[in-house]
Amino acid sequence: MPTDPVPELLSRATELLEEQFAALPAFDSAANPAAMARVLEGVARRLGDNYPYFHPLYAGQMLKPPHPLARAAYALAMTINPNNHARDGGRASSEMEIEAVREIAAIFGWADFLGHLNSSGTLANLEALWVAGQLAPARRIVGSEQAHYTHQRISAVLKLEYAPIAADRRGRMSMEALEDELRKGDVGTVVVTLGTTAIGAVDPLDEILALRSRYGFRVHVDAAYGGYFRLISEALDEPARRAFAVIGQADSIVIDPHKHGLQPYGCGCVLFRDPTVGRFYKHDSPYTYFTSRQLHLGEISLECSRAGASAVALWATQKLLPPVPGGEFALGLARGRAAAMELDRRLREDKSGRFQALAGGGPELDIVVWKAKAETPQQSSALAQKIFAACTLRDLHLALVELPLRWFQPVAGFESANGAGTVTCLRSVLMKPEHEAWLDAIWERLTAASAEVLETG
Ligand SMILES: *Cc1c(COP(=O)(O)O)cnc(C)c1O
C-alpha cells in the first residue's frame, strides 16, 4: 500500500479545528484510549476480511476508493458530526452542501435548479420518482429492463405502476418497445439510464427527448453511475456521446458521488431542473425549526437527518479536483475508460479463442463484460465461475454478471441455443485511473488463469 497521507493531514487540521473552540471551559472526556485501542485492533483484524477494493488489481464490482482527502475531511467533520437537516445541526456543512451540489449541477449546465445530497442513489431516485408521482399521480413509470432493480421497488413503495421496457443487445432501451408503451397514453415518466449498472449501457436520451415532445412525459435520468461521464462526453463514441450531450434537458437527474465521485458511501445526489418542485416538500414539523430564516436543507429533502460529513468530504474533494471538463478528475475518468477499451480490444483479438465479447460492440463507458467460449451456455457459465475463482487466486478480483445469451454471437459449430436465456459472464469495472497503468498486469493474470482453467477442465 502507498503511504496513507490521511493521519498527518488529519492531525494538523484537527488542531486547527479545536483551536476555534479553545475559549470554551475544559471538560473531561469519558473516553478510555487504552480500551479503545484494544477494540480497534480487533476491528482492524475483522476488516482484513475484505477484497482489496483500494488496489488496482481489484477490478470487479463498481467500487472506487474514496479520495484520501475525502476520508480526511469526513473524519475531521466527525469531530463536529453535523446534521444537514437544518442549519441548527450544521451551519458550515449546509453551506458546503449547497456549494458542492451547485458544482455538480453545473456539470449538466444547470444554474437555477433544486437539488441536494441523499444517503444513496436509491434514495435520490426515490425522491425523483416521488416528485414525478406528485405531478402525475395516476400515470405509469417505465424504464428499461436493464434499469436499476430498485426503480420497480421504489415505484411499488410510492404506489405508482411500473413497467419494464425491452432492451436491445447492447443493453439500451429499445425505442420501438418504448413507443409501444407510450401509445397506450398513460406513461407519466420515463426513467432513462445513462450508464446501466450491469454493463454501462447508455439509453438513447436524445431519441427519448424527441418522443417526449410528441407524447409528453417526464424524463428522469438515472445517472447514479454514469453521470460524471458528461465531463468527457466529447471523447465517448456515438451514440453515447449524443445521449450525454442532451442530459441537461432531463427533468431530473440522479448522480452518485459515492460511485464515481471519490466519496465514502452515503453520498447520492438528486437534481430537479424546475426548482418550484420544492413546494411538494412543505411540512410543518414543530420541533426542528429554526434559529435562522435561511434555507434549511431538510425543507427540500425527504430524509430528515443527513450526514453533514458527506457534504464536507464532497466539498473538499471538489476543491482539490473540480468536476470540470479537462480537469484532473475528468482525466481520471478517461483513463479508466481507456483501460476498459484496451481490455475489450485484447479480448476480441485474443487468438486463444477462449473469450467472447458482446456482439454489439465494446464498452460505452468503463465496464467490460465477456463470456467464456464453450459449446453450451451451461458450460460457458461454469467456465466463467472457474476463471473468476482462478483469477482470485492470482490476486485479480473480477466480478460475475448474468447476461442475455442473445447479446452474444452464436458460436459457429458450437452453441445450438437460439439465444433464449442467460449466461454467466465475467465483468470488470475499470473505474480507477490506475487501471490504465495496471492493464498489462490484469491481462497477464486473466490469461494465465483462463489457460489453467481450460487445461485442468
Ligand atoms: C448504483 C446504482 C443505483 C443505486 O444507487 P445506490 O447508491 O447503490 O443506492 C441506481 N441506479 C444506477 C444506474 C446505479 O448504478
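This is a predicted model: local features need pLDDT of at least 70, side-chain atom pairs count only at pLDDT 80 or more; totals for chains, interfaces and linings use all residues.
Hi everyone, let's start at the ligand: 13 residues surround it, and the closest are Thr-122, Asp-222, Asp-256, His-258 and Lys-259. Residues are numbered from 1 along each chain as its sequence is written, and side-chain values use heavy atoms, with hydrogens and water left out.

Now for the polar contacts, meaning pairs of N or O atoms within 3.5 Å. The side chain of Thr-122 has an N or O atom 2.5 Å from an oxygen atom of the ligand. For Asp-256, a polar side-chain atom lies 2.6 Å from a ligand oxygen, and for His-258 the distance from a side-chain N or O atom to a ligand oxygen is 2.7 Å. The protein covers 89% of the 380 Å² of accessible area that the ligand has on its own, by the Shrake-Rupley method with a 1.4 Å probe.

Which helix gives the most to this shell? That is helix 5, residues 121-135, with three residues. Helices here are DSSP runs of H or I with at least four residues, strands are E runs of at least two, and both are numbered from the N terminus. By class, the shell has two nonpolar, eight polar and three charged residues, with Asp, Glu, Lys and Arg counted as charged, Ala, Val, Leu, Ile, Met, Phe, Trp, Tyr, Cys and Pro as nonpolar, and the others, Gly among them, as polar.

Four strands form an open sheet in the order 8-9-11-10, with antiparallel pairing; two strands pair if DSSP finds at least two bridges between them. Strand 8 (355-357) and strand 10 (399-404) are the edges, each pairing on one side only. Six bridges join strand 10 to strand 11, residues 422-429, and Pro-404 has Thr-422 as its bridge partner.

Two backbone details to finish. Most residues other than glycine have a negative phi, and most peptide bonds are trans. Here, the bond from Glu-238 to Pro-239 is cis, with omega near 0°, and Pro-239 sits in the loop between strand 5 (218-222) and helix 9 (240-245). Leu-262 has a positive phi, near 65°, and lies in the loop between strand 6 (252-255) and strand 7 (268-272).

Methods
A residue is near a molecule or strand if one of its heavy atoms lies within 4 Å of it. A polar contact is a pair of N or O atoms within 3.5 Å; within protein, one must be able to donate a hydrogen and the other to accept it, and residues adjacent in sequence count only if both atoms are side-chain atoms.
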